[in-house]
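Notebook open, viewer running. I'm jotting down what I look up as I go.

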Amino acid sequence: DKDFALRAWGPWSVMALGMLFTALMGSFLLAATGRSVVIQRMAVERARDMADANEALRKEVIERKNAEVTLRKRDAELLQAQKMEVVGRLSGGVAHDFNNMLTVILGSAKLAQQESGLPPVLGAYLSDIESAGEKAADLTQRLLAMSRKQVLAPRILDLNQLVQESEALIRRVVSEEVELKVVLAKQDNLVHADWAQLQQAVINLAINARDAMPKGGRIEMGVHRLEIVEPDPLAFPGMKPGIWEEFYVKDSGSGIDPEILPHIFEPFFTTKDKGKGTGLGLAMVYGIVTQSGGVLDVKTTLGQGSTFSIRLPHAEDAPLGVSSGPHPGPFAPAESGSRSGTLLLVEDDEQVRKLLTEVLTRRGYKVLQAGGGGEALEILKHRKSELSLMISDMMMPGLGGRDLAREATVLAPGMPILLVSGYTEPMDFAQEFGPGAHFMPKPLAPDALLAKVAEILGPKA
């Protein structure tokens with residue numbers, strides 16, 4: 001009956017419900033466990049993606065910081081180049097006329113000193129004039145070097161040899177409290193540069209290091225080779241891949257204040273006391289190095305010293321007949337005695353032309369004068385067979401010395417040419433006008449001019 005059916009079904013229903021509940025819970029737990037594994041896997045993958053994203057972001061931040069540093073360096077280099085260009089134009093425009101004046105001042109003082117019966121007091125005054133003129137001439141050359149407007153005489157030279165021959169000079173300018181160490185490279189470190197100007201840059205860096213250690217310290221000068229595979233604007237700013245030769249000067253001085261560092265190559269900037277520096281030393285080094293196709297770099301830490309590095313592109317072995325060492329300058333003493341020969345002197349400044357004519361005729365030369373390029377061409381056309389040498393200023397109105405020299409090589413082939421100037425663009429005179437072309441910078445000292453002319457013309461007949 002109904003009651004019996006209910007009593008019989010009761011236990012079974014409880015059991016059935018329990019089994020159903022157990023099955024449902026088991027299914028739920030299995031599903032939850034599977035879901036947990038999926039969630040864990042997703043979390044691991046998500047963490048890996050986040051780590052990759054963080055690493056990519058870190059690299060991007062570093063790249064952006066490096067790019068910002070590089071951009072600031074390039075902006076600073078551009079600003080420096082613009083400053084140098086402005087000063088270069090100013091100094092170049094003034095240098096020609098100023099050197100003409102100095103030629104007259106120095107030359108006239110030298111000729112006056114050669115007069116017989118000169119009272120001692122006048123001789124002393126003339127010596128003072130000559131000394132002041134030489135200092136003014138040196139300052140002009142510093143300005144031209146700083147502005148990269150001087151004329152260089154580049155040749156293949158070995159940095160090892162240059163440093164060795166500069167060491168004695170440097171030991172004389174550093175104090176006894178400064179220890180000087182020289183580290184040379186094992187191989188030849190050949191570069192294409194002007195020996196005298198590069199030596200001046202080396203000495204200036206040594207003096208700068210000395211001044212950074214007023215109480216003494218240690219200077220290390222060294223030469224070594226750099227092989228740059230990939231450009232690194234932070235480690236080697238401004239340098240292209242290839243082989244470079246480096247000269248460095250390292251001091252143990254006070255270092256350079258970060259606020260001062262951006263200005264150290266600016267002309268007339270100095271931290272020295274008044275009267276102890278012109279502010280042109282490092283600016284001149286910068287001009288010499290950059291005009292030679294090199295890079296000047298500085299690394300410094302406040303309180304721990306500085307390292308200045310001159311880096312120049314490696315040059316191949318010197319061709320046959322090209323000196324790899326120092327060359328005699330134009331200031332060798334002039335030989336005594338009379339000379340012969342007819343010289344064409346081309347100079348637009350009347351005072352300079354008059355002075356140089358006097359210097360040359362006193363030595364025995366016959367001088368034909370021309371006040372410009374056009375007048376010189378007429379003399380060349382009609383009297384070229386008489387001429388032993390043409391001496392011409394480069395910066396003249398109308399037909400300048402450069403164009404005149406080209407015309408002269410056609411009208412009088414084989415005639416040597418001596419070009420003079422207080423300022424000109426960098427150029428290779430021998431390559432442009434042939435092996436008979438020579439150059440002298442103004443101001444022209446009488447003895448230096450006579451020595452150069454005698455060198456060009458060769459031994460006396």
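Predicted model: local features only at pLDDT ≥ 70, side-chain atom pairs only at ≥ 80, totals over all residues.

**Entry 1: salt bridges**

I started at glutamate 220, which is buried, since its relative accessible area of 15% falls under the 20% cut-off. Which residue does the side chain of glutamate 220 meet in a salt bridge? I found arginine 218 there, with 3.6 Å from N to O. Arginine 218 is partly exposed, at a relative accessible area of 32%.

I checked where the two sit: arginine 225 is in strand β4 (residues 217-228) and glutamate 245 is in strand β5 (residues 242-251). They are 20 residues apart, so I noted the pair as a link between distant parts of the chain. Is each partner buried or exposed, or something in between? Arginine 225 comes out partly exposed at 28% relative accessible area, while glutamate 245 is buried at 0%.

Then I went to helix α7, where glutamate 378 and lysine 381 both lie, 3 residues apart, or about one turn of the helix. Their side chains meet in a salt bridge with an N to O distance of 3.9 Å; the cut-off is 4 Å, so the pair still counts. Glutamate 378 is partly exposed at 42% relative accessibility, and lysine 381 is also partly exposed, at 48% relative accessible area. I also logged a network: Glu246, Asp297, Lys299 and Arg311 are joined into one by salt bridges that share partners. How many salt bridges does the structure hold? My count from the list is 19.

**Entry 2: α7 against α8**

While on α7 I looked at its packing. Two packed helices are described by the angle between their axes and the distance between the axes, so I wanted both numbers. Helix α7 (residues 373-383) and helix α8 (residues 401-411) pack at about 5 degrees, and their axes are 11 Å apart. That angle is under 35 degrees, so α7 is roughly parallel to α8.

Which residues make the contact? From α7 I have Gly373, Ala376, Leu377, Leu380 and Lys381; from α8, Leu404, Glu407, Ala408 and Leu411. By type, the contact residues divide into 6 nonpolar, 1 polar and 2 charged. Lysine 381 turns up again here, as part of the α7 side of the contact.

The largest nonpolar core has 39 residues, and Leu198, Ile219, Phe247 and Ile310 touch the most other members. Its largest share, 8 residues, comes from helix α4 (residues 195-211).

I took leucine 198 for a closer look. Leaving aside residues up to four places away in sequence, leucine 198 touches Leu157, Leu159, Leu162, Val191, Ala193, Ile288, Ile310 and Leu312. There is also a second, separate core of 23 residues, which includes Leu356, Ile391, Ala448 and Val453.

**Entry 3: alanine 136**

Last stop, helix α2 (residues 120-146), where alanine 136 lies. What does alanine 136 touch, not counting residues up to four places away in sequence? I get Phe98 and Leu102. I also checked asparagine 99, which is 37 residues from alanine 136 in sequence and 9.1 Å from it in space, C-alpha to C-alpha.

Terms used
Residues numbered from 1 in each chain as written. Heavy atoms only, no water. Axes fitted to C-alpha atoms, helices over the stretch in contact; angles between N-to-C directions. Helix = DSSP H or I, 4+ residues; strand = E, 2+ residues; numbered from the N terminus. Parallel < 35°, antiparallel > 145°, perpendicular 65-115°, else oblique. Contact = heavy atoms within 4.5 Å. Nonpolar A, V, L, I, M, F, W, Y, C, P; charged D, E, K, R; others polar. Core = buried A, V, L, I, M, F, W, Y, C linked by side-chain atoms within 4.5 Å. Buried < 20%, exposed > 50% of the residue type's maximum accessible area, 1.4 Å probe, protein only.
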